Amino acid sequence: MYKLSEPNRIGVITSVLRLSDGACIPFDPDNTDYQKYLKWLAEGNEPEPADEA
Amino acid sequence: MAITRVVPALIQVANNVTSTTIGNTTSIPSLTFDASGVIIAASNTTVTVSNTNITGTITNSQLGTGAVSNTKIASGAVEQYFADIGYNTQFRNRIINGDMRIDQRNAGASVTPPANTVYYTTDRWKYYLTQSSKLTAQQNAGSVTPPTGFTNYLGTTSSSAYSVISSDIFTVYHAVEGYNVADFGWGSANASTITISFWVRSSLTGTHSGAIQNSANNRSYVFTLTVNSANTWEYKTVTIAGDTSGTWLTTNGIGLSLYFNLGSGSTYSTTADSWQAGNFIAATGATSVVGTNGATFYITGVQLEVGSVATPFERRPFGTELMLCQRYYWKNIPGASGVNLTLGICVTNQVRSTVWYPTIMRSAPTFSISSLVADDEQSALYTLSIAATGAGTQTARLAFTATGAVVGRPAVVQTNASTSFLDASAEL
């Protein structure tokens, strides 16, 4: 399970939180944790929405 | 009577003698010929060979100890030889932490890798298991004496007597970044031969196995290794002709992976010693470590290099090896409370800071923390969790949740226990 991180000052979300351990995963296509997140999304899952900044 | 002039064409050794000497062996230059006219000894002179070939083999007994010195080898000849065989004097070994010295995550503690998850132990080495609780992994497990020249090894200990099913995988493996094997030329007609060498110690004698694979897991070369004596360190080498087919990444993705099989089912097993299309990491019928309760499989000194010869293990300074590891993972672990990690600025209920990495990382990393707090020197310590990151490969912006933080105050992010840490992972 994942939760989107809050957007930065210009309103862009740049990372996602992995709820199982609280790790913060950047949106980098070369990051293997992000690749797993994309696969999870492709399976039809949806992350929890971000908290408001 | 001394010979003052010799016409070579007239030198003839009589058939009925084994050798003939011309000159005086003590004070006058002399040459000794055997029955066929070959010079077999010379003294007090220099024999000049011109416009002819010297045949035969110089044996050890014909050379004195130290007789061949630097001045007798043509300048550049040795370097050219190494170049011709693809021998690098630096970074020959494409395996990082092959001697298992560095264990940032676990600091030598025993771990039980979970099922169906890539799980790292000593740096750059990871396990993949399809069943849980079948083995433990630990740097220097069992506390046996490592092979001479080594201080560490990675040990696997079986936790049960498990019979693998066809779809099972139990493996310890290492992924090499594509940049570091780009010179191999794999997937082309110019694919280089490689040699893998390592020390292994197992409680189970017999045929064990391992494999090389590409990033897509659709090109595999399975090899075998025989453990001859139980609980004894043995040095093994495996030479593999490079793969001329398949896709082998030369980027920051996985260039190749080296697997040691700990017990895998028929789906992932095949005949050894040839390249095959498919996902194979074990030789059919190979020993299953997880099949015997308490069985051990220890490795160290793992080297993977270009060429058909296993050269001595490449020794790199500890700091160099650690930095090579930190391209993929680093852990800021001060080991005490109150150590500063970074300086941030408070916004409402947050502390935001910049983190500089020890080295440029393979990708933007995933961050984790444990027991960190922020101190603005005015309020109580704020307990932190990570809220967001904007990360690159060299630095990152980290936003920490810090309930009660007041806008505009500077705050130091610091440890709050001996177990506190901030880590970053950009593993393959």
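**Close-up 1. A nonpolar surface patch on chain B of the predicted model**. Five residues make this patch: Ile58(B), Leu63(B), Val68(B), Ile73(B) and Val78(B). The patch covers about 440 Å².

**Close-up 2. Ile58(B), one of the patch residues**. Ile58(B) lies in a loop of chain B. That loop runs between β3 (39-43) and α1 (77-84). Ile58(B) has 63% relative accessibility; the cut-off for exposed is over 50%, so Ile58(B) counts as exposed.

**Close-up 3. The interface between chain A and chain B**. Chain A brings 18 residues to the contact, and chain B brings 20. About 1,400 Å² is buried between the two chains. Carbon and sulfur atoms give 44% of that area. On the chain A side, Glu6(A), Cys24(A) and Asp30(A) lose the most area to chain B. Together these residues account for 34% of what the chain A side buries.

**Close-up 4. The salt bridge between Glu6(A) and Arg352(B)**. The closest N and O atoms of this pair are 3.4 Å apart. The count of salt bridges between chain A and chain B is 1. Glu6(A) is also among the three chain A residues that lose the most area to chain B.

**Close-up 5. Polar contacts between the chains, and the elements of chain A that touch chain B**. Between chain A and chain B, 13 residue pairs are in polar contact, with both residues at pLDDT 80 or more. In chain A, β2 (15-18), β3 (23-26) and α1 (32-42) each supply at least two residues to the side that touches chain B. β3(A) gives the most, with 4 residues.

Methods
Residues numbered from 1 in each chain as written. Chains lettered and ligands numbered in written order. Predicted model: local features only at pLDDT ≥ 70, side-chain atom pairs only at ≥ 80, totals over all residues. Heavy atoms only, no water. Patch = residues over 30% accessible without salt bridge, like charges linked within 9 Å, V, L, I, M, F, W, Y side chains within 5 Å. Areas by Shrake-Rupley, 256 points an atom, 1.4 Å probe, with all protein chains shown as cover. Salt bridge = Lys/Arg side-chain N within 4 Å of Asp/Glu carboxyl O. Buried < 20%, exposed > 50% of the residue type's maximum accessible area, 1.4 Å probe, protein only. Contact = heavy atoms within 4.5 Å. Buried area = accessible area lost by both parts, 1.4 Å probe. Polar contact = N/O pair within 3.5 Å; in protein donor to acceptor, adjacent residues only side chain to side chain.
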